[in-house]
Amino acid sequence: MTKCLFSSGFEDLAKTLTELNMPAFRANQVRDWIFKKFVFSFDEMSNISESDIKKLKEVYSKILPPVEKYLVDKADQTGKALIKLSDGELIEAVAIPGNNTMTFCLSTQVGCPVKCLFCRTGKQGFTRNLSAEEIVLQVMVLVKKTGKKPTNIVYMGMGEPFFNSEELYRSIDILTDPKGLGLATRRITISTSGHVQGILELINRPGEVNLAVSLHVANDDARDKLVPMNKKFPLDVLKKALTEYCSKTGRRVTMEVVLLKNTNDQYNDLMNLINFCEGLIVHVNLVRFNNFKECEFEAASDKNEKEFKKELKKAGIAVTVRSSHGQNILAACGQLSGKTQKD
Ligand code: SF4
């Protein structure tokens, strides 16, 4: 049975080459074609002999897995790929073009166990973690589709990255390896729903990977419901970890807040948010909510959003309103799932 190179992994490639009596440097040649020259067909690997290409093709039917659908939002050119993994599971990855930037948003799990109330992925439930190769292949699929190398990577797609930290960091190692894409760690952001152990572990990791926290609301009762991770790591525990993160790394935390009508957009919510941010090096991202079928929430009004922005600024907190990318193709924040139709 033939398999997909990325789904099988690069350790499997090295083992396969040895079994096929190929020289050890072939593995580096294959990696070079993929990561440096963005060639995704063995036939185009011109420094590999025809007989070795034939052998490789007998083992690996393809380099990348099939893309079931690739949609582009005409409004802002955001692209979304629905990728079929070797066990038939579907994941999504998003390419967001900007002014001189290309940000790829990656998934780390099939579905998500956190079950945030406003999130389409959360509604889907959890199936399994992705391997590092399954995370990296999303990058290569998007490179192939967009013709562009990413300038930034955000682990903000399907799943809670710190629930899959071993494979998360292995994928970062592959993406930052000079033999891989050679991305700088400071171009990478991990977004968590508030997994405190994950945050503490990140402090001691080498490199300058950025941290974003999907905070949304700074009141335990409300956050227990909206972001159930809060039941495991309540706000005081989260704040302690973030304080340690800021003091030990000197790096800023991005605080994501999706403003929802009559849920977290009131004056007391604003005050709680300001209090929570006090003492942290922080940048608040007010994210526009994107509605989807079977979701009971609505976006906060422009008036409330403006009020939050004004008061946060007044309190000396850096704040931006993040525009939603790919809204027309369900590629925006909280809209990803293993489906592409608007169902
Ligand atoms: S918002 Fe993130 S952590 Fe929450 S359910 Fe969705 S994917 Fe999971």
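How many bridges join strand β12 to strand β13, and do the two run parallel or antiparallel? Six bridges join β12 (residues 253–258) to β13 (residues 282–287), and the strands run parallel. The model is predicted. Its chain is divided into domain 1 (3–62) and domain 2 (67–329).

**Two domains**

- The centres of domain 1 and domain 2, taken over C-alpha atoms, are separated by 34 Å.
- Contact between the domains involves 11 residues of domain 1 and 12 residues of domain 2.
- On the domain 1 side, β1 (3–4), α1 (5–8) and α3 (25–35) each supply at least two of the touching residues.
- α3 gives the most to this side, with three residues.

- Strands of a sheet pair through backbone hydrogen bonds, either parallel or antiparallel.
- Within the parallel pair β12 and β13, Thr 254 stands opposite His 283 of β13.

- β3 and β4 pair in the antiparallel sense, over five bridges.
- Val 72 has Gly 79 in β4 as its bridge partner.
- Six residues lie between the two strands of this hairpin.
- Gln 77 in the hairpin takes a positive phi near 70°.

**Helix α6**

- α6 covers residues 132–146, which makes 15 residues.
- At 1.5 Å a residue the helix should span 21 Å, and its end C-alpha atoms are 22 Å apart, so the two values agree.
- α6 is mostly covered, with 12 of its 15 residues buried.
- Among the buried residues are Glu 133, Glu 134 and Gln 138.
- Ile 135, Val 136, Leu 137, Val 139 and Met 140 are also buried.
- An α-helix has 3.6 residues a turn, so residues three or four places apart point the same way.
- Just after α6, Gly 147 takes a positive phi of about 75°.

**Loop residues with positive phi**

- Most residues other than glycine have a negative phi.
- Lys 115 is not a glycine, yet has a positive phi of about 60°.
- Lys 115 sits in the loop between β7 (109–111) and α5 (120–124).
- Lys 115 has 17 other C-beta atoms within 10 Å, so this residue is partly exposed.
- Asn 262 is not a glycine either, and has a positive phi of about 55°.
- Its loop runs between β12 and α12 (267–277).
- Is Asn 262 buried or exposed? Asn 262 counts as exposed because it has 10 C-beta neighbours inside 10 Å, and the cut-off for exposed is 12 or fewer.

**Pro 206**

- Pro 206 lies in the loop between α8 (196–203) and β11 (210–214).
- Pro 206 counts as exposed because it has 7 C-beta neighbours inside 10 Å.
- Pro 206 and Ala 27 are 179 residues apart in sequence.
- In space, the C-alpha atoms of Pro 206 and Ala 27 are 27 Å apart.

**Thr 189**

- Thr 189 is in strand β10 (residues 188–192).
- With 18 other C-beta atoms within 10 Å, Thr 189 is partly exposed.
- Which residues does Thr 189 contact, leaving aside its neighbours within four places in sequence? They are Val 154, Tyr 155, Asn 210 and Ala 212.
- Thr 189 and Glu 134 are 55 residues apart in sequence and 18 Å apart in space, C-alpha to C-alpha.

Definitions and conventions
Residues numbered from 1 in each chain as written. Predicted model: local features only at pLDDT ≥ 70, side-chain atom pairs only at ≥ 80, totals over all residues. Helix = DSSP H or I, 4+ residues; strand = E, 2+ residues; numbered from the N terminus. Expected span 1.5 Å × (residues − 1). Buried ≥ 20, exposed ≤ 12 C-beta atoms within 10 Å, placed from the backbone. Domains from an automatic or database assignment. Contact = placed C-beta atoms within 7 Å. Pairing = 2+ DSSP bridges.
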